[in-house]
Amino acid sequence: MAVIPGRDAGQARTGDPTGPVLVVRDLRVRYPSAQTDALAGISFDLHPGELVGLVGLNGAGKSTLSRCLNGIVPQLVPADVAGSVTVDGADALRTPVRRMAAKVGIVFDEPGAQLSQGTVGEEVALGLESMAVPYAEMVARVDDILVRIGLDGMQDRPPLSLSGGEQQRLALACALVVRPAVLVLDEPTCGLDARSRATVFDLLAEVAARDGTAIVVVEHDVELLAERADRILVLHEGRLVAVGSPAEVFGDVSAMRGAGVRVPDVTAVAAALGGRAGGSLPVTFDDAIRWLAEAG
Amino acid sequence: MTGAGPVLVLREVRYRYPRGVVAVDGITLDVVAGDVVGIAGANGAGKSTLARLLNGLLRPLAGTVTVGGLDTRRHEVHELARTVGLVFQDPRAQLFARTVVEELSFGPRNLGLPDPEVRERVARVVARLRLEDVLAVSPFELPAPRRRLVALASVLAMEPRVLVLDEPTTGQDHHATAAVAGIVRDLRADGMTVVCISHDMRLLAAVSDRIVVMAAGRIVAVGAPRTVFADAGTLGAAGILAPQVTRLGLALPQRHGRPAVLGVEELVGELAAARSSGEGSP
Amino acid sequence: MTGTGADALLAYVPGHSWLHRASPLPKLAWLAGCVVVVLATWDPVVLAVIAILGFILAASARVGRAATRTVIALAPVAASLIVLQALAPVACRTACTPVASLGPLTVYQEGLSHALALVARLLAMETVGVAMLATTHPSDLFAVLRRVRLPYEVSLMAMLSLQLIPQLHHELRVVLQAQRSRGLRTTGIGALVPTLVPVVSGSFDRLSTLVLSLEARGLGAKARTSYRRVDLRTVDLVATAAAILATVAGTVMAITRWGGDQAATIVLPPAVAVGIVVASVMVFVVVMVSGLRALARG
């Protein structure tokens with residue numbers, strides 16, 4: 001099996017002419033009876049078709065941030081919030097969560113806990129039913145997404161009879177079928193083997209490219225993110241401490257150490273061997289081979 | 001506990017789930033006392049089934065599983081728990097007590113040990129895993145990494161000869177993963193046998209004396225990590241990848257023919273030494 | 001969590017029989033009607049006939065196995081009913097007629113007869129229930145109920161509960177395994193807390209995630225369409241109307257002619273009566289023990 005294929009991490013996707021689809025400004029979140037802010041003033045933009053990795057230690061605020069993007073925090077999980085989150089023009093913090101469903105799809109890390117319907121078809125159709133999509137269109141969209149996600153023909157199976165990996169894909173299908181502008185995934189590769197992890201990211205890349213969906217992935221697998229993500233956001237103790245392309249972010253080894261974030265092994269190797277003056281450190285496998293060949 | 005033979009012996013073990021799924025299809029494996037064995041494989045390869053065969057939760061339909069000399073088919077799970085401690089992937093499946101101390105005492109009490117002995121064992125595991133500050137806290141109030149440690153501690157408190165860890169670092173950040181690796185190394189230094197099932201190949205590379213690769217219920221590779229990780233073909237067919245630094249080391253032309261590296265420091269050391277002695281060349 | 005969904009649809013047994021292909025509405029109507037009639041009569045003969053007809057229906061739809069399993073599952077209930085009623089009847093019109101004595105215990109005729117009628121009622125409802133429900137996919141059931149104006153929230157809650165049961169069962173098995181791995185012996189009251197607490201707390205966590213997931217997918221919007229559609233053809237409406245008519249007729253017959261009250265008392269020879277009671281005790285014990293054993297084995 002070859003090295004995980006991926007785009008050259010040096011080429012960050014350039015800003016889309018239609019402008020950002022997600023705008024977060026000075027977002028502050030504090031949970032009731034907490035001593036410190038869970039998020040202490042976060043600002044960033046997301047453009048259509050971007051795949052962004054969100055990294056940081058457990059407790060750094062990644063889950064909180066992902067839950068703010070469709071208003072779960074503060075509407076369903078009480079918290080004091082300040083600042084703004086705007087998705088496709090809608091105020092995510094104040095618009096009822098169920099109305100944000102058409103704009104933001106969210107997939108939690110435990111796929112089984114999100115499945116509740118009698119059949120796979122109904123599970124996927126749930127989002128469309130709530131949007132009052134006409135029957136014929138619903139059936140077509142459900143069939144289409146199941147083919148894309150690799151669960152073709154499973155419309156009538158009980159969701160919980162699927163394997164773990166299939167359930168994960170089903171949860172993803174449920175979020176994608178409404179064609180959201182923004183897709184948020186909380187540790188989608190948790191507990192998956194290398195091949196399955198690559199498949200998930202292949203799927204995400206296809207969705208980003210074909211549908212123009214902006215994707216935020218909370219992940220610990222930095223090697224995978226370095227290969228596949230357009231940008232990386234690093235959270236540390238509720239603050240955004242680094243934003244940029246994987247090369248920019250993971251290449252700053254000392255900043256990553258300060259944030260408790262591991263850099264890809266290849267970057268660590270290059271850093272320890274001493275970066276060339278003015279040069280950047282490799283973050284992907286292929287870059288590293290080239291870098292080491294030149295370094296001599 | 002002098003080495004009088006391997007502490008875990010599996011011979012031609014087969015297991016099939018009631019609905020007909022063949023999970024383990026002829027596994028033969030010896031684990032020597034004091035070894036750390038890493039089990040790798042794709043989802044569905046049979047790793048978790050193997051874990052449950054090791055402590056008697058599942059009994060082999062064919063073949064034998066012998067732990068510390070005991071045949072798992074002839075002993076109850078609670079008897080085998082003295083010898084084999086299995087830590088489940090999700091700590092929520094185990095935690096139930098009002099305080100951490102109660103939680104840690106559960107295992108030893110179940111073994112029928114007298115109270116003073118229970119207290120001593122709990123104290124030992126508390127010291128090892130540095131849980132002094134949360135003794136009176138409810139395990140449910142702890143952050144996720146600490147909860148995992150409590151679950152691990154509760155099994156260690158029974159002081160088994162073999163510890164089986166089923167995916168100990170799923171969803172953990174890099175500090176917590178490093179902590180688990182450190183604990184496994186400490187345990188090994190104290191003579192414990194550890195079987196570690198994981199998708200985290202870096203973890204396995206860091207702690208294992210031997211790696212076992214499973215695919216479709218069979219063992220497709222077993223041996224020293226350097227040997228197993230160098231076999232890209234077998235790993236690929238099994239659906240897994242060696243750690244990135246290992247693959248890098250194998251791909252560098254200047255290292256052609258050299259053994260696989262298992263960690264960043266090792267590769268850096270080699271390359272730096274090669275550079276300073278003028279060996280490396282594009 | 002994988003693999004539990006196969007039994008997630010509780011009563012449903014997939015198939016292609018005539019009953020499977022029948023629309024859910026008339027099936028529901030006939031089932032409801034049957035329950036009404038069964039509850040309106042005490043006549044053991046009528047009840048037995050309904051029970052047998054139910055079984056034939058189930059067998060013709062190839063769900064006879066499911067019907068048998070349901071009967072066995074409810075056997076402890078039936079058995080305990082017989083034992084309790086026979087030995088300590090709730091009420092007799094006049095004094096209760098003792099039939100035989102087992103040491104300090106006395107078997108009463110009215111009690112036993114009443115119990116047998118209760119059991120016959122149970123059987124009738126079970127067999128017809130299985131025949132109708134095992135051949136109907138729950139999703140179709142709820143779809144048709146929604147068409148007759150059942151609120152979406154109610155059908156959603158019912159659907160979730162259906163899914164919850166096998167999930168809980170799976171969780172229980174995993175927790176039992178985890179605690180047994182810590183030396184727990186699964187008998188005795190000491191096993192209760194270490195087993196239930198993780199299951200409950202895990203369910204709590206899972207339910208919160210589910211709630212968030214459902215809301216985040218837009219659940220709760222007022223206007224909604226339905227993916228699962230059940231067509232109601234004329235023949236279905238006719239069959240449903242027939243069910244309603246049959247129910248009314250049956251109820252009238254039940255009240256006027258088939259002993260709407262605890263009229264008839266079956267008179268049994270003492271040996272038979274004692275035999276039934278003893279057999280019930282044995283059935284009760286056997287089923288409970290094997291059930292607990294199966295649970296402990298995980």
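Predicted model: local features only at pLDDT ≥ 70, side-chain atom pairs only at ≥ 80, totals over all residues.
Along the principal axes, the C-alpha atoms of chain B occupy a box of roughly 65 × 45 × 40 Å. The radius of gyration of chain B is 20 Å, which agrees with the value near 19 Å for a compact globule because that is what the rule gives for 282 residues. Of these 282 residues, 53% count as buried. The contacts within chain B can also be sorted by separation in sequence: among those between residues at least 6 apart, 64% join residues at least 24 apart.

Chain B also meets chain A. Here 35 residues of chain A are in contact with 33 residues of chain B. On the side of chain A that touches chain B, the elements giving two or more residues are α6 (164–176), α7 (194–211), α11 (265–272) and α12 (285–295) of chain A. Of these, α12(A) gives the most, with six residues. Sorted by class, this side of chain A has 17 nonpolar, ten polar and eight charged residues.

Within chain A, attention turns to strand β1 (residues 22–30), which pairs with two other strands of chain A. One partner is strand β4 (residues 80–87) of chain A, which runs antiparallel to β1(A) and is joined to it by seven bridges. In this pairing, A:L22 has A:V87 of β4(A) as its bridge partner. The other partner is strand β2 (residues 39–46) of chain A, again antiparallel, with six bridges to β1(A). There, A:L39 in β2(A) stands opposite A:V29. As a general point, side chains in a regular strand alternate between the two faces of the sheet.

The last element is in chain C. Helix α9 (residues 192–216) of chain C has 25 residues, and from its first C-alpha to its last it reaches 36 Å, close to the 36 Å expected at 1.5 Å a residue. Just after α9(C), C:G218 takes a positive phi of about 95 degrees.

Definitions and conventions. Residues numbered from 1 in each chain as written. Chains lettered and ligands numbered in written order. Contact = placed C-beta atoms within 7 Å. Helix = DSSP H or I, 4+ residues; strand = E, 2+ residues; numbered from the N terminus. Nonpolar A, V, L, I, M, F, W, Y, C, P; charged D, E, K, R; others polar. Expected span 1.5 Å × (residues − 1). Pairing = 2+ DSSP bridges. Rg over C-alpha atoms; globule rule 2.2 N^0.38 Å. Buried ≥ 20, exposed ≤ 12 C-beta atoms within 10 Å, placed from the backbone.
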